[in-house]
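Visitor: Can we go over the charged side-chain contacts in this one? Please put the structure up first.
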Amino acid sequence: MADYVTLAKTISSLTEGETDTVALMATVACELHHSDDRFDWTGFYRVTAPELLKIGPYQGGHGCLVIPFSRGVCGAAARTGQVQLVPDVDAFPGHIACASSTRSEIVLPVRDARGDIIAVLDIDSDQPDAFTEADATALEAILTDTFAR
């Protein structure tokens, strides 16, 4: 499991004073991706139009370019504003398989200082049931500290 305390401090230090959302996303994706062997694909899908996500900064293999809010795990997180903790992607109705190796996934909404959803953070693993509520809590804190300040 990632050392979230150290990771949060590192990300906070690296992003201090930065306001560009894409720069923040690129830094967070890189730091998260290299912090934990469970993380096979780590990245952001940005809200670019009503009910539409487009690929943002990421680490790992290619991602899907466009995801409507009505489809997949990322769409569900954007649509509901709730963390999606998926222990088995094959059991998630409407899962979009951007990579056939993905077995489990966690997706978190990313909110700006006004509370608007500006993106989702998507982390995929090739391990089944790789993510826990503890991951969700720690990742939510990092996202809030980085994007909602």
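Guide: What follows is a short talk through the salt bridges of this predicted model.

Visitor: How many salt bridges does the structure hold?
Guide: There are 4 salt bridges.

Visitor: Which residue does the side chain of Arg-38 meet in a salt bridge?
Guide: Asp-135, with an N to O distance of 2.8 Å.

Visitor: And where do Arg-38 and Asp-135 sit in the chain?
Guide: Arg-38 is in the loop between α2 (21-33) and β1 (41-49), while Asp-135 belongs to helix α4 (residues 133-147). The two are 97 residues apart, so the pair links distant parts of the chain.

Visitor: Is Arg-38 buried or exposed?
Guide: Arg-38 is buried, because its relative accessible area is 11% and the cut-off for buried is under 20%. Asp-135 is buried too, at 0%.

Visitor: Which residues are linked with Arg-38 in a network?
Guide: Asp-36 and Asp-135; together with Arg-38 they are linked in a network of salt bridges.

Visitor: Switching to Arg-114. What does Asp-112 form with Arg-114?
Guide: A salt bridge, with the closest N and O atoms 3.1 Å apart. The side chain of Arg-114 also meets that of Asp-116 in a salt bridge, at 3.1 Å from N to O.

Visitor: Arg-114, buried or exposed?
Guide: Exposed, at 68% relative accessibility.

Visitor: What do Asp-112 and Asp-116 count as?
Guide: Asp-112 counts as buried, with 13% relative accessibility. Asp-116 has 37% and counts as partly exposed.

Terms used
Residues numbered from 1 in each chain as written. Predicted model: local features only at pLDDT ≥ 70, side-chain atom pairs only at ≥ 80, totals over all residues. Heavy atoms only, no water. Helix = DSSP H or I, 4+ residues; strand = E, 2+ residues; numbered from the N terminus. Buried < 20%, exposed > 50% of the residue type's maximum accessible area, 1.4 Å probe, protein only.
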